[in-house]
Amino acid sequence: MKALVRAVFAAVVLTWVAEVGVTAVLGPEPYPALYQPAFGGAVPGGGVAVTRQPAVLVTYADGSEATYDHDDVMAASPYQRASVFRSAFGPESPRRTHPENVRWLVERVTALGGGREPVEIVLEDHQITRELGTRKPPQVVVTARDTVDLGSARA
Amino acid sequence: MRERLTSWTDRWIHAGSTTRTSLGRFRVLYAVYALTWTADFHWVAAFPDAMYNPPLGPMMLFGGFPPSAVLRGLEALFAVSLVAVLLGWRTRTASWTATVVGVLGFGFTYSSGKINHDILLLLLPGVISSAGWGDRASLDALARRRAGRAQVPERALQWPLRLMALMVGLSFFTAAAPKLRGGWLDPSSQAVQAFQVDQYYTQGRTDLLADFFLTLRAPLLWEAMDWATIVLEAGMVLFVLTWRGTRVAFAAATLFHVGVYLMMNINFSNNVVVYGFVAAWDRVPLPRWEPSPAAAARWLRAAPVVVLAGGTGWWALGALPPDLDRVRGWTVLTVGALVSTYYAGWLVHRLLGRPAGPVGGRLVYDGDCGFCTRSAQWLARRRPDRVDAVTWQSLPDLAALGLSEDDVAQRAYWQGSTGALQPGSRAIAAAAVARGGAAAVGGRVLQSEPVAPLAALVYRWVAEHRYRMPGSTDACRVPQPGATARGPRHGGA
């Protein structure tokens with residue numbers, strides 16, 4: 001029995017070491033795994049905070065325009081909507097042009113627009129730099145801007 | 001060597017005094033909390049399979065999100081298993097079911113692109129059930145009694161508890177490592193502050209003290225928070241090596257979580273519930289419930305129906321309204337903070353309080369060593385009536401104490417009023433306690449479970465390098481064991 005328990009402890013520690021090793025090499029975090037949040041990891045320094053925030057710019061068929069953020073688009077998710085949005089539609093996401101996702105996005109902004117038909121959807125990624133300890137207006141830089149190919153959703 | 005290591009490992013794994021009564025009560029608290037937790041898996045079915053982005057691991061075996069009905073089925077099964085855990089019915093099976101279903105169900109939601117770090121809360125029932133948390137305050141205990149089987153011992157199996165504590169420590173380390181690599185300890189970066197700003201604007205976490213901290217210009221304070229975070233997260237894996245250390249670290253982590261909630265509105269009440277397994281719930285006075293044999297039989301007959309109907313009924317009620325959910329989180333954090341503060345106060349009281357027995361004794365040190373002499377005289381100066389510092393060279397018969405010249409040349413010894421000897425760091429700690437005042441606090445810290453092994457290492461290092469210490473001479477060099485003692489024995493003090 002004691003040998004078995006020792007083996008269980010060894011297995012847990014070795015699995016943890018393997019998971020940490022995998023993360024160090026490949027980057028993404030495994031699951032299920034003994035992890036706690038790293039709270040951002042790297043920091044910019046220099047008295048500023050740099051955050052990323054997506055924006056969805058929609059032009060509807062009636063000529064009206066609307067801008068939605070990750071909270072609007074990913075309202076179905078109960079948590080961390082920015083991360084969920086980035087996973088599906090972030091500039092680095094290979095899933096952002098998938099017809100199924102585009103179709104879903106069209107339906108979503110149609111619902112957000114009260115049934116209006118979108119004729120153009122632009123995905124932007126903003127880098128926002130804020131000075132720490134102040135409420136000064138942030139410096140916003142558009143780091144990525146892509147027009148969604150709505151044709152793929154209709155195909 | 002290998003045998004010694006195995007023996008030490010076994011002692012460490014199986015040490016502890018947590019009782020099954022304590023775990024049984026904790027099981028009830030855990031189940032109540034977990035049932036009120038939003039185990040909502042089905043929302044993810046609203047997303048197309050093209051959004052399925054599983055983390056590395058078994059979730060990659062699935063090609064997309066399951067249909068809503070499957071996810072709702074998992075939610076219901078999770079609730080049913082938690083009701084069984086609550087009542088202590090088929091506890092081990094129910095606990096593992098809760099763990100497996102929880103890990104799987106949340107795994108699907110985490111495959112939408114964000115892992116929420118609830119893993120400890122999900123693993124806990126499976127792991128701790130092996131310690132015997134279903135053997136008290138449970139229908140299983142009732143069934144065992146009714147069947148005339150002997151009650152299991154009150155002391156729980158300790159290894160699952162140690163394993164759980166170790167898992168907490170390891171998981172915390174993964175939070176510290178990226179911070180260390182990312183420059184959190186760089187004095188020019190205030191990482192906690194930057195993260196608070198991010199949470200304030202990106203996640204809309206603007207409640208409680210968030211506004212106050214948003215404009216707080218105190219670089220030193222923010223930098224101290226960066227360091228404190230790293231110390232807590234990286235140090236946890238060391239603290240969990242002893243039970244006292246585990247409790248100290250869990251209490252500190254609870255207060256840390258409260259601070260994070262006040263500042264960033266991030267609720268880590270799940271972790272606080274996990275820490276609860278080390279609390280002594282058996283010390284809470286509760287009336288004993290002993291049903292009559294007829295009532296026990298009725299309870300056991302009804303158990304499957306109650307578990308099934310209770311679980312599915314509870315699941316059908318849906319998630320708590322957001323306001324109640326906040327109250328739930330607040331309640332856990334507040335209770336956790338109160339328990340942690342009480343524990344910290346109790347520890348401080350123990351450190352500062354008067355010792356139960358006589359504290360006086362004799363400190364035997366190496367009179368040839370200037371550093372040792374100065375240290376011993378400092379310890380004896382305040383209360384010479386309690387600390388009798390004597391050189392080993394002045395003792396007429398070392399062997400009568402059970403010591404050799406090799407022993408006393410390498411380390412100091414404390415002989416308490418009962419005659420028992422304590423070597424090395426324990427001798428210094430005992431002398432410091434006897435000296436009283438601030439030194440007594442230091443002595444108690446050195447004697448405490450988490451610090452004592454570290455103190456022993458430090459003492460050994462200092463003893464080996466004492467010839468480099470202030471006031472030292474070349475005579476301070478520690479001879480190799482078995483070597484002839486230096487020079488003639490001194491005749492007097």
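1. Domain bounds, as used here, come from an automatic or database domain assignment. On that basis chain B splits into domain 1 (13-157 + 297-316), domain 2 (164-286 + 320-352) and domain 3 (361-476). The centres of domain 1 and domain 3 of chain B, taken over C-alpha atoms, are 53 Å apart.

2. A word on conventions: this is a predicted model, in which local features need pLDDT of at least 70 and side-chain atom pairs count only at pLDDT 80 or more, while totals for chains, interfaces and linings use all residues. Residues are numbered from 1 along each chain as its sequence is written, and chains are lettered from A and ligands numbered from 1 in the order in which they are written.

3. Of its 493 residues, 45% count as buried (20 or more other C-beta atoms within 10 Å of their own; exposed means 12 or fewer, partly exposed in between; C-beta atoms are placed from the backbone).

4. Which residues touch the most other members of the largest nonpolar core? They are L82(B), L124(B), I128(B), M164(B), M167(B) and V168(B), in a core of 126 residues. A nonpolar core here is a set of buried Ala, Val, Leu, Ile, Met, Phe, Trp, Tyr and Cys residues joined through C-beta atoms within 7 Å. Helix α7 (residues 159-182) of chain B gives the largest share of this core, 13 residues. Leaving aside residues up to four places away in sequence, V168(B) touches L120(B), M236(B), V240(B) and V274(B). A second, separate core has 31 residues, including C369(B), Y413(B), V433(B) and Y459(B).

5. The contact between the chains takes 53 residues from chain A and 56 residues from chain B, two residues being in contact if their C-beta atoms, placed from the backbone, lie within 7 Å. On the side of chain A that touches chain B, α1(A) gives the most, with 10 residues. That side divides into 30 nonpolar, 15 polar and eight charged residues.

6. Helix α3(A) is largely enclosed by the rest of the structure, because eight of its nine residues are buried. Among the buried ones are R81(A), F85(A), R86(A) and F89(A). Their cover includes β1, α2 (70-73), α4 and β3 (118-131) of chain A together with α8 (191-202) of chain B.

7. A cis peptide bond joins Y31(A) and P32(A), with omega about -5°, and P32(A) is found in the loop between α1 and β1 of chain A. R90(B), a residue other than glycine, has a positive phi near 45° and counts as buried, with 20 C-beta neighbours inside 10 Å. A137(B), likewise not glycine, has a positive phi near 50° and is buried, with 23 other C-beta atoms within 10 Å.

Terms used. Helix = DSSP H or I, 4+ residues; strand = E, 2+ residues; numbered from the N terminus. Nonpolar A, V, L, I, M, F, W, Y, C, P; charged D, E, K, R; others polar.
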